[in-house]
Amino acid sequence: VKDHIALLTAIKGCFVLRTKTYSTWQNAQVTLAKKKDTEQKLRSGGGKAEKLAQIEQEIREWEEKQKDGQKAFEDNSKTLKSEIEKYEQERAQEFKMKFIKYLETMMEMQQELIRLWEDYQPDTQ
């Protein structure tokens with residue numbers, strides 16, 4: 001049971017981290033879109049070259065942040081998927097072992113019942 005709890009806790013942590021990285025990635029996308037919109041307005045409105053250069057630099061920075069956020073999200077998704085697969089494999093293996101043990105116990109009980117019946121049967125004849 002401790003192992004299952006530990007695995008589920010790790011999976012929960014991965015979900016939380018994945019949610020945070022997704023939020024960061026989406027925020028970077030929104031900010032990047034706003035910066036590009038500002039750049040477009042500056043270009044169409046004949047904005048100052050200084051402001052235009054500054055916004056272009058900010059766009060490059062936000063594009064990098066957006067790419068990093070996407071990569072972090074994809075990496076977290078892969079980690080989460082592998083943790084879930086690991087949990088499912090361990091759970092299936094444990095279930096198989098417990099089921100085999102149950103069947104072995106049932107067979108032992110049946111053998112004991114047969115032995116007791118055979119011991120009882122000569123007394124009744």
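Trainee: Is Asp119 buried, partly exposed or exposed?
Mentor: Asp119 counts as partly exposed, because its relative accessibility is 45%. Please keep in mind that this is a predicted model.

Trainee: Which residue forms a salt bridge with Asp119?
Mentor: The partner is Arg115, and the closest N and O atoms of the two are 3.0 Å apart.

Trainee: How is Arg115 placed relative to Asp119 in helix α2?
Mentor: The two residues are four residues apart in helix α2, so about one helical turn separates them. An α-helix has 3.6 residues a turn, so residues three or four places apart point the same way. Arg115 has a relative accessibility of 39% and therefore counts as partly exposed.

Trainee: How far apart are the N and O atoms in the salt bridge of Glu56 and Arg43?
Mentor: The distance from N to O is 2.4 Å for this pair of side chains. The bridge links distant parts of the chain, with Glu56 in helix α2 and Arg43 in helix α1, 13 residues apart.

Trainee: What about Lys98, which residue does it bridge to?
Mentor: Lys98 forms a salt bridge with Glu94, and the closest N and O atoms are 3.2 Å apart. Both residues are in helix α2, four residues apart, so about one helical turn lies between them. Lys98 is exposed, because its relative accessible area is 55%, while Glu94, at 28%, is partly exposed.

Trainee: How many salt bridges are there in the whole structure?
Mentor: A search of the whole structure finds nine.

Trainee: Changing topic, how many helices and strands does the protein have?
Mentor: The protein has two helices and zero strands. Helix α1 covers residues 2–44, and helix α2 covers residues 49–124.

Trainee: What does α1 reach from its first C-alpha to its last?
Mentor: Its 43 residues reach 63 Å, close to the 63 Å expected at 1.5 Å a residue. Just after α1, Gly46 takes a positive phi of about 70°.

Trainee: Which residues of α1 are buried?
Mentor: They are His4, Leu7, Ile11, Cys14, Thr21, Trp25, Ala28, Leu32, Glu39 and Leu42. Across the protein, 17% of the 125 residues count as buried.

Trainee: Where is Lys35, and what does it touch?
Mentor: Lys35 is found in helix α1. Leaving aside residues up to four places away in sequence, Lys35 touches Ile55, Glu58, Ile59 and Trp62. Lys35 and Glu56 are 21 residues apart in sequence, yet their C-alpha atoms are 8.3 Å apart in space. Lys35 counts as partly exposed, because its relative accessible area is 22%.

Trainee: What share of the contacts with a separation of 6 or more comes from residues 24 or more positions apart?
Mentor: Such residues account for 77% of those contacts in the protein.

Trainee: Now the overall shape: what does the C-alpha trace span along its principal axes?
Mentor: The trace spans about 115 × 20 × 15 Å. The radius of gyration is 32 Å, whereas a compact globule of 125 residues would have one near 14 Å.

Trainee: Last topic, the surface: which residues make the nonpolar patch?
Mentor: Phe95, Phe99, Tyr102, Leu103, Met106 and Met109 make a nonpolar surface patch of about 620 Å². One of them, Leu103, is in helix α2; with 37% relative accessibility, Leu103 counts as partly exposed.

Note on methods. Residues numbered from 1 in each chain as written. Predicted model: local features only at pLDDT ≥ 70, side-chain atom pairs only at ≥ 80, totals over all residues. Heavy atoms only, no water. Patch = residues over 30% accessible without salt bridge, like charges linked within 9 Å, V, L, I, M, F, W, Y side chains within 5 Å. Areas by Shrake-Rupley, 256 points an atom, 1.4 Å probe, with all protein chains shown as cover. Salt bridge = Lys/Arg side-chain N within 4 Å of Asp/Glu carboxyl O. Buried < 20%, exposed > 50% of the residue type's maximum accessible area, 1.4 Å probe, protein only. Expected span 1.5 Å × (residues − 1). Rg over C-alpha atoms; globule rule 2.2 N^0.38 Å. Contact = heavy atoms within 4.5 Å.
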